[in-house]
Amino acid sequence: MSAFVVGVDVGGTFTDVFVLDEAEGAIRIAKVPSTFGDQSRGFIEGIGDAVDDFAQIRTVVHGTTVGTNALLERKGARTGIITTEGFRDVLEMRRRDRPATWGLRGSFEPVVDRGDRLEVAERVLADGSVLEPVDAAAVQDRARALSTAGCEAVCVFFINGYANSANETQAVEAVRRVWPNAYVSAATEILPEIREFERLSTATLNAYLQPAVSSYLDRLQSGLKQRDFGGDVLIVQSNGGVMAVESAKRYPVRTALSGPAAGVIAAKAIAGAAGFENLITCDMGGTSFDVSLVAGGKAAIAAQTSIDFGMVVRTPMIEITTIGAGGGSIAYLDQSGLLQVGPESAGSNPGPVCYGLGNTRPTVTDANLLLGRINPERPIGGKLEKLDVAAARAAMEAVIAGPLDLSVEEAAEAVIRLANAKMAGAIRLVSIERGHDPAKFTAMPFGGGGALHTGALIKEVGLGAALVPRFPGVTSALGCVVADMRHDRVQTVNRLLAQTDFAALQSEMTAVAEATEAVVRGSGIAFERIERSYEFDMLYLGQTHSIAVPLEIPPEGLDQAAVTAAFEAAYRAAYGRLLENIPIRLMNYRVTVTGRRPAFDMGVFAPAGGRPAADCAIGSREVYAEGRFWTATVYERLELEAGALVPGPALLEQADATIFIDPGLSGRVDGFGNLIISDREGQQ
Amino acid sequence: MEIDAVTLAILKGRFEQIADEMDATLFRAAFNPIIAEAHDASHGLYDAETGMTLVQGKSGLPIFVGAMAFAVKSVIDKAGPDGHAPGDLWIFNDPYDGGTHLSDFRLVKPLFHDGRLFCFLASVGHWHDVGGNVPGNYNPAATEVFQEGMLIPPVKLYDKGELRQDIIDILSANSRLPLSLYGDLNGQINALDLGERRMTALLEEYGEATAGACLRQLKERAATMMRAQIAALPDGTVSAEDWLDNDGIVDEPLKIALDLTVEKDRMVMDFSRSSPACQGPVNISRATAVAACYTALKHIFGEVPANAGVLEPVEFRIAEDSLLSVKAPKPVGGYTETILRMIDVVFQAVAQLAPEKTVACAYGTINALSMAGHRANGARWVMFSFFGGGHGGHHQDDGLNHGNAPISTATIPPLEILEAAYPVRFTQWALRPDSGGPGRHRGGLGAVYEIELLEESADAFLFGERGKFPPQGIAGGAPAAANRFTYQQADGAHEPPMVSKMVGIHIARGQRVRLETPGGGGYGDPQSRDPQIVARDVARGFVSPEAARRDYGVSLDPAGAVDQAATARLRHPKDEKEPA
C-alpha cells in the first residue's frame, strides 16, 4: 500500500499539487485552475487529479492565500474590540504614519469600525501593577452590545497587557461566559509583546480572519473526509514552518504569507540537496519581483510586516522583499526623457502588449519577446494561443525606440537592462546591505519568467551562479511537502541585565519551551527530532531598536556574563563597534520549537532516461543581447540528461518556464535535474 | 562625457540606494527616539565644489533635502581650497550656516577616490539634548540662540583619520543626556563609513568620469522635469497668507505671505510681504526657507527627484534679516513651526492655480512636548516627543486621520514604550471629534493625548502652534479645529498665555497635561458632501450632530439617518422661500 504526502499551493490563477509517493520514491504533479469563492473545491479536485485513492494519503500540507486575500480584500468577519478606557482609537491612529513620503494623500480604514470598538474602565501600569481592576459586568455589557450588533469575533486588548495579562484574562473569561464563541481572544494570547499598536493590530487581524479561515479549513477537512482521507492536514505558516490545522484555526494571522514562505522553503531544500547553502530566491510575477535570502541554510526571518498600509502583522515570518518589477511592468520615458520601468504594471489583464488584450504600453515581457527570448508560438501558462510580436514591436518603437533614437532591439534591451538593474537592487538590498558577499550566493528563480533574467543578475550583482529547479512552476507546492513544523513564542521582559533574575528567567523560558513542544508533539506528526532555540531582543539602555541575539542556555545556567557576551557578539556583527559603559536591556525572549520532518530525497527529480544536450535541441532563434544578434539553440529542457552541458546563448523551454542562458554563461544539469548556470560551467 | 540612458537610470538607482542605506543604518543604531522612531535625520551625496545636493536618501526627513547643501558649502568655505584630506570628518550645528536648529548635528565627510576629492557625504541627525535652558531644546522663551543650546561651528572630529576625543568631550559635557549623544554620534559615523565603502565600490566599478557625468546629467534632468511641471500650471500670480500665533515672547501674530508667479516654465516665490525677524525662536535661515519650499513643491509634484536641479527654475525673493532669513544670534529653535506654515501657504497658493494638484493644509504644528524631572533615586528623566494631527482633504478623498507632519516621515513612539521608560501614564490617546476641517472631502482628525504624572513633580514644556490660526481648507473647504493645550494644577485647569508655547509648567503627582491637536483643512464646499457620508461620520463620532448641521447642512433623525427634507432645507434655504 502506498503512502502519499501531498503538498497543495493555492495561488491566484492555479492550484498546484505536488505528490510524493513515499513507497515508490516517485512524484506526481498536477495543476488545475483555482476555484474562486471556495478554494477548497479546486484543492480537492487538484489532489484528485494526481491521486485516485485518498485513503492512501498520509499527510496533506497546504500553503494558503485565504488569509492573505481576506486581509487584502477586507473580507474578514465583523470584529469587535473591547479595550481600556481612553484607547479605543489605537488601531486607527496607528503609529502616526502615512502611506507615502510625498504627496500627503491616502487614507486608512481599520478593519474594525469605530462603533465596534468599546471601552471599559481598567488599567495596568508599565511595571505590571494593577492600578484599576476590571469590572466583569461592564465587560459583559460590551460583549452583549457587540454580539447584538452582529460581530462574529472579538478581541480584548488592554494597555500594558504584556506586563500583566490578569485584567485581560479576566475580561476574556467574562466575555466567554455570556457569549460562548470560539472567536474570542485576548491580545496577549496572540502576542504578549510591548508596543500597543503592533500587538492590537496583530491580534485584531487574527480575530478578523478566524471565522473565514476556520470555515475554509472545515470545508477542506470535510471535503477530504468525503473522499476517505484519514490522515493529517498541516498548514504552512509565514515563518516557513507548518502547524496543525487546529493551530491554524486559532492563529490564522500566522498564515498571512503562507504561500510565498512555502516557495522559499522549497528553494532552500532543493538548493541544499544540490550543495548550495547560500541562496537568493527570486520569484518574478506579473507585477512584482520578490527576493528572499537563505544564508548558511537558514532563511532570513523578519519580525513583522505590513500586509497593506496600517495592517501590521507582528509574527515571525520569512523575510520577503518586494519591488515593482515584473513581466507586466510598464516601460516609459519620464518628463525629463529618462527611461523608467515600473512600478506601474499591466498585470495579467490586459497584460503585456503582446497578449493582444488592449494594452499599448510596452512591458518587460514585450521586451523579452522582441529580444527573441520568449517563443511567441509557445506562451507559458497555456492561457494564450500565441503572442503578437508585431504589436509589441509597434509599441516599443512608439514609446521608447523612436523618442530615444534607438533601434527596437536596442530599446528592448535597454528596458531589460533597467528591469534587471532594479532586480539587482533588490538583491543587493538583502545581500550586500546585510553584509553578505554576493559571490557566495546562488540565485534561484521560480515562477514562469524569472529564469529569463537570472543570467544578467549573475553578471550585474556578481552572484556565484543561478540554479533553476526542474519544475520552477510548482516550487511552493513542493515546499509544503518538505517544510518542518515550527512554533514561535515571544514574551516581553523589559529589564536591565543587572536587574534580571536569570534563574527565574531560565525556568520561565524552559517552561514555555516545554509547553510549546507539547503542542508540536500533540500534532500527531512523526518527527525525526524536535529542536528548541532561544533568542533575546536586546539593546543598549536608551536605544529604541533592539537586535536579535541568538543564544544557547549553557549547562551551568544563564547568567549575566553569558548574556552580555552574546549581545556584544551580535551587536558587533550588526554595527561594527560596541558602546562603552552603557547598561544593556533585555526586551523580549523568543522561543522556537521545530519538529524536523523526515528529509525529502531530492533524488526523485533525477532526470531518468535523459539525453545529451545535442539530442535535445529542437531548433534555434535569433536573440538580441549585448548590442547584437546571436543564434541561440533552443532545447527541450526536461529531456536533458544529468551532466548535460548547454553553452550560452541558449534557450531552454518547458511547459511552465523559459530559461535564457546569456552569451558567455553556460548551464549544466545536475543529478537532481536542476540547471546550474554560471560563467564557469563551460570550463569544467 | 555623454552617458547612455540606461547607465544613467541604473546609476541613479545605485546612488539612491547608497543614500537610503546610510539612513537605515542610523535609524537602527540611533539612541534617541527622535532619530530611531521619528527618522529626524538625513543622508546624501553633495557636489565637491559647490556643495549642491547630488542625491538624497528617500527615507530621511524631507525638510533636510535641500538644507544640507548649505551645510556642506559652509564646510567647503571653512576648509578653503585644498583644505580636505582623506579621513577628515567635520561636525557642527551652526544654524546660520546652512542649519535648521541647534539640535540638528551635521557630519560632513569628503570622499576621496584615487587621491582626488570626488564628492561629500553628509549626515544630519536630531540629537536628544544639546544643552541650553530647556531639556530637549524646544525653548519657546528663547530670545538668543545661546539660550537654545551649544553652538558648534564646523570643526574636525576626525583629522586625517585621527579621532579628536577632545571634541567628543566638549559635546558630552554640554548635554543633559551624554550617553544618548554618544550613541547617536556613533550611529552617524557608522552611516558615513558605510556610505564611503559603497561609493568606493561604485567608483571602482564604473569609474569617476562616468559616475561624475551621471550626477551632472541627473541634475539637468531634474531641472527639465521641474520646468515641465511648472509649465503645466496656468500662468499668473496668486497670493496666500497665513499666520503664526506668536513667537513665544510677544503675543502678536506673525505673517507668512507668498506671492507666487508662474510664467511659462519658471516660478517666482516672493515672500517679501512676510513679517520681519522676531524676538522669539520661530525665525529661520534663508537656507531653511528654501528647503521648506522644496518640500512643499515635492509634495505637489511628487515625480521630481531629490537633487539641486529641481530648484533651478524657481526664483526666491526673501527679504534679508526677515523672519525667513535671520542672522545670528536671533533664536531659531522652533523652525519647524515656521516651515510648516510656509508649506501651508505654498499649498494655498498653488491650490488657486490647480486645486486638484494639491492638498488642504495639514495640522501644521509638531507640538514638541517634553516632561522632565527627577526620580526618587535622583536620576534625571526627560521625555520628549512630537505629536500628530490630521492631514488635509484633497480632490480625491478625505484627509488621513492622525498623520505625521509634511516635513517628516516620523512615527510616534508607542505609548507603552514611553510608559515603560518614564514615570507617566497616558489617560487618553484618541481621535479628536470635530477637529477635521469641513469640506466636500473632510480634513483628517487630530488627536487627544492626556498624560498623568506618576512621580512627585515634574516640569512640562510645550512648543506648538495653530492655537489661534487653525489649518486652512482649500477650494472652498473650511478650517480645522485649532490646537489646544491645558494643564492641571492644584488650583484647577489652565491654558498657557501664549496658547501653545510655554516653559516650566510645574505639575505634581496625579496631575495631567492634555494636548488636543488640529485636524487637516477641508477640500471643497462642505455643503456638497454626500449626506450619507456625513451621517457615517456622525455614527463614528468623527463629527457631532451639531457640526453636521452647522458645517455641512445635514440634519439627522434620532436614529442617525439623514433627514432628507430637513437637509434640503438647510442646504437650499432660498428654494423654500420661492413660491411653489
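Which residue stands opposite B:Trp90 in β6(B)? The legends below, which describe a predicted model, begin with that view.

**View 1. Strand β3 of chain B and its two antiparallel partners, β6(B) and β4(B).** In this close-up, β3(B) covers residues 89-92 and pairs with strand β6(B), residues 155-159, in the antiparallel sense over three bridges. The residue that stands opposite B:Trp90 in β6(B) is B:Lys156. Strand β4(B), residues 104-113, also runs antiparallel to β3(B) and is joined to it by three bridges, and here the residue opposite B:Trp90 is B:Val108.

**View 2. Side-chain directions along β3(B).** B:Leu89 and B:Ile91 point one way from the strand, whereas B:Trp90 and B:Phe92 point the other way. Which of these four residues are buried? All of them are buried, whichever way they point from β3(B).

**View 3. An open sheet of four strands in chain B.** The strands follow one another in the order β8-β9-β10-β11, and their pairing is mixed. At the edges of the sheet are β8(B), residues 236-244, and β11(B), residues 314-317, each of which pairs on one side only. With direction ignored, neighbouring strands of this sheet are turned against each other by 15 degrees on average. Within the sheet, β9(B), residues 254-263, and β10(B), residues 266-270, pair in the antiparallel sense over five bridges; the bridge partner of B:Asp259 in β10(B) is B:Asp270.

**View 4. Domain 2 and domain 3 of chain B in contact.** The domain assignment of chain B gives domain 1 as residues 5-223, domain 2 as residues 359-529 and domain 3 as residues 530-577. The C-alpha centres of domain 2 and domain 3 of chain B lie 28 Å apart, and ten residues of domain 2 are in contact with 13 residues of domain 3. On the side of domain 2 that touches domain 3, a breakdown by class gives five nonpolar, two polar and three charged residues.

**View 5. The contact between chain A and chain B.** Chain A brings 56 residues to this contact and chain B brings 64 residues. On the side of chain A that touches chain B, the elements that give two or more residues are α3(A), residues 90-93, α7(A), residues 196-226, and α12(A), residues 408-430. Which element gives the most to that side of chain A? It is α12(A), with seven residues. By class, the side of chain A that touches chain B has 21 nonpolar, 16 polar and 19 charged residues.

Definitions and conventions
Residues are numbered from 1 along each chain as its sequence is written. Chains are lettered from A and ligands numbered from 1 in the order in which they are written. This is a predicted model: local features need pLDDT of at least 70, side-chain atom pairs count only at pLDDT 80 or more; totals for chains, interfaces and linings use all residues. Two residues are in contact if their C-beta atoms, placed from the backbone, lie within 7 Å. Ala, Val, Leu, Ile, Met, Phe, Trp, Tyr, Cys and Pro count as nonpolar, Asp, Glu, Lys and Arg as charged, and the others, Gly among them, as polar. A residue is buried if 20 or more other C-beta atoms lie within 10 Å of its own, exposed if 12 or fewer, and partly exposed in between; C-beta atoms are placed from the backbone. Two strands pair if DSSP finds at least two bridges between them. Axes are lines fitted to C-alpha atoms, for helices over the stretch in contact, and angles run from 0 to 180 degrees between N-to-C directions. Domain bounds come from an automatic or database domain assignment.
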